[in-house]
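Please consider the sequence and the structure shown here before reading on.

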Amino acid sequence: MEATLKPQSAQDVEDAVRWAAAEDQPLEIVGQGSKRDLGRPVQSAHVLDLSGLSGVESYEPAELVLTVKAGTPIAEVEKLVDDNGQELSFEPMDYGPLFGKPAGKGTIGGVLAANLSGPRRIRAGAARDHVLGMEAVSGRGEIFRSGGKVVKNVTGYDLPRTLCGSYGTLAVATSVTLKVNPKPETAVTFVLTGLDDLDGVKALCEAMGSSAEVSGAAHLPSWVEGDRSRTLLRLEGFQSSVDYRLKTLKELLGGYGTHESLNRDETDKLWKDVRDLAFFAKRSTPVWRISVAPTAGPQLVARLKAAIELDAIYDWSGGLVWLTCTDGDTHQAKIRMALDAVGGGHATLVRADASTRSNLDVFQPQPAPLAALSRRLKEQFDPKGVLNPGRMVTGM
C-alpha cells in the first residue's frame, strides 16, 4: 500500500527512515516536487514529503550566516536575504518552469541535493561551496551533524559537500547552514551582437582572462531571438568599479564588432532567463546539460549539428552547453560519442519522459574505479538502499 509520510521534525525523519530500513521499504524523498522529473524515476511506492520541515532556525546578517530547515521554499530564503541586502551568490537555478511547473517552488534541501548553481558559478563557486554545515539522517536511520555555523570551520570530514549533488540517495537533509554574501550595489551586462558560436565563446574566454571580474559569461546564438546572436558579460559590484571594468571590456573586445550595455533591471531579467533556461521552457523536446572545457563547447555543438537537429546555448564562458534535440529524440549515443571526440566531459539528460529516463543513462556513466567508490559510499550511508533507489544509477 502506497504511503506518504510527512515529518514535522528531524526526529520524525529519523523514525521514518528507521522504519523503512527495518521493513525494506524504499522511500522517494521530495520537498515540493519541482525537481521530481530530474534524474531517473525513483523505484519506490512510498514518499517522504519534507515540506513540513520549513522555517528559519537562525539568521545572523552581520555574520553572513543563515540556518534553515531543508524543506524551506527557496523563494522564501531568497526573499529573506534580499530584504537584508544579501544574496545566495551561487544563484540557484529554478528547474520548475523547464518541467512545466510553477516557478519558485523548489526547496533549499532540493537545491543542495542537486547542487544547483547558476551563471555566477564561474566566479562564486557551486552550491556546495556555500554550505557551512548540515544536519541529516542517513539511510541507517541515524541523525548526524557535520560542519558548523562559522565560515572558518574546516575540521573533520566534509560530509555536506559529499551530500550535495547526491540527489537524496545517501541521506535526508533536515537543516542546512549557508554562507550568504552582500548583494552587489549594481549590475550591468556588456553585450556583443552578431558573433557566431566560435567567436562568441572566444570573446567570453578573453573577458574571463582579463581583470574585469566577470560574474556571468553566456552566448545566445541567433535562434534565441530569431535575428541576431548575443554574447553576454555581466559585471557586478560598486558603481565606480563596474564603470571602470565596463570600460576595460569595451577596450578589450571592441574589435569583435557591435556592442551595447544593459542596465540593472534588464540585466536581472536576462540572467534569470539564462539561469532558468526560459528559452527551452515552452518546448517539450529533450534537454541535455553538458559540461566541457570552455573552448570545446562550440566544437561539440558543430560536430553534433552535422548529425542531429538541435538548438543550444552556452553558459560558464562556453563550459556549460544546454542543448535540446529539436526532433524529439534523445540521441544519447551520438551525444556521448561527440563528447569523447572533443576531449570528454559530462552529459546529463535533464528533460525527457519517465519511460525514456528509465531506460537510459541519465547521468554520465562513471569510470569503473569511480563507480566502485560511489557504490561503497552508498553502502556506508544507505546499506539497505531505501533512499531514492535508482534515482542516479539503476540498481543503486
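A cavity is a set of grid points where a 1.4 Å probe fits but cannot get out, and its volume is the space filled by probe spheres set on the points. The model discussed here is predicted.

The structure holds one cavity of 30 Å³ or more. About 450 Å³ of space lies in this largest cavity. Of the 31 residues that line the largest cavity, Ile-29, Gly-109, Gly-110, Ala-113 and Gly-168 come closest to its centre. Strand 2, helix 3 and strand 9 (171–179) are the elements that each give two or more residues to the lining of the largest cavity. Helix 3 gives the most, with four residues. By class, this lining comprises 15 nonpolar, twelve polar and four charged residues.

The second largest pocket has a volume of about 680 Å³. It is lined by 33 residues, and those closest to its centre are Glu-78, Glu-91, Arg-120, Lys-183 and Arg-275. Two or more lining residues come from each of helix 2 (74–83), strand 6 (86–87), strand 13 (230–237) and helix 8 (264–276). The lining of the second largest pocket has 15 charged residues, together with 13 nonpolar and five polar ones.

**Salt bridges**

Side chains of opposite charge can pair when their charged atoms come close. With a side-chain nitrogen of Lys or Arg required to lie within 4 Å of a carboxyl oxygen of Asp or Glu, the count comes to 24 salt bridges.

| Salt bridge | N to O distance |
|---|---|
| Asp-37 and Lys-101 | 3.7 Å |
| Arg-234 and Glu-91 | 2.9 Å |
| Arg-161 and Asp-129 | 3.1 Å |

Asp-37 forms its salt bridge with Lys-101. Asp-37 lies in the loop between strand 2 (27–30) and strand 3 (46–49), and Lys-101 in the loop between strand 6 and helix 3 (108–113), so the pair ties together parts that are 64 residues apart in sequence. Asp-37 counts as partly exposed because its relative accessibility is 28%, and Lys-101 is likewise partly exposed, with a relative accessible area of 27%.

The side chains of Arg-234 and Glu-91 also meet in a salt bridge. This pair links distant parts of the chain, with Arg-234 in strand 13 and Glu-91 in the loop between strand 6 and helix 3, 143 residues apart. Arg-234 and Glu-91 are both buried. They belong to a network of salt bridges that links Glu-87, Glu-91, Arg-120, Arg-234 and Glu-236. Glu-91 and Arg-120 of this network are also among the residues closest to the centre of the second largest pocket.

Arg-161 is partly exposed at 37% relative accessibility, and Asp-129 is partly exposed at 28%.

Helix 1 (residues 10–23) has 14 residues and reaches 20 Å from its first C-alpha to its last, close to the 20 Å expected at 1.5 Å a residue. Its buried residues are Ala-10, Val-13, Glu-14, Ala-16, Val-17, Ala-20 and Ala-21. Seen down the axis of helix 1, these residues fall within an arc of 165°, so they line one face of the helix.

Helix 7 (residues 239–253) has 15 residues and spans 21 Å from first C-alpha to last, close to the expected 21 Å. Val-242, Arg-245, Leu-246, Thr-248, Leu-249 and Leu-253 are its buried residues. Because they cover an arc of only 155° around the axis, they lie on the same side of helix 7. The face turned away from this buried side carries the exposed residues Ser-240, Tyr-244, Lys-247 and Glu-251.

**Backbone angles in two loops**

Asp-24 has a positive phi of about 55° although it is not a glycine. Asp-24 is located in the loop between helix 1 and strand 2. Ser-317, also a residue other than glycine, has a positive phi near 60°. Ser-317 is placed in the loop between strand 16 (310–315) and strand 17 (320–325), and at 5% relative accessibility Ser-317 counts as buried.

Technical notes
Residues are numbered from 1 along each chain as its sequence is written. This is a predicted model: local features need pLDDT of at least 70, side-chain atom pairs count only at pLDDT 80 or more; totals for chains, interfaces and linings use all residues. Side-chain values use heavy atoms; hydrogens and water are left out. On a 1 Å grid over the protein atoms alone, a cavity is a set of points where a 1.4 Å probe fits but cannot get out, and a pocket is an open set with protein on both sides within 12 Å along at least five of seven lines; lining residues have an atom within 4 Å of a point. Ala, Val, Leu, Ile, Met, Phe, Trp, Tyr, Cys and Pro count as nonpolar, Asp, Glu, Lys and Arg as charged, and the others, Gly among them, as polar. Buried means under 20% relative accessible area, exposed over 50%, partly exposed in between (1.4 Å probe, protein chains only). The expected span of a helix is 1.5 Å times one less than its number of residues. The arc is that of the directions from the helix axis to the C-beta atoms.
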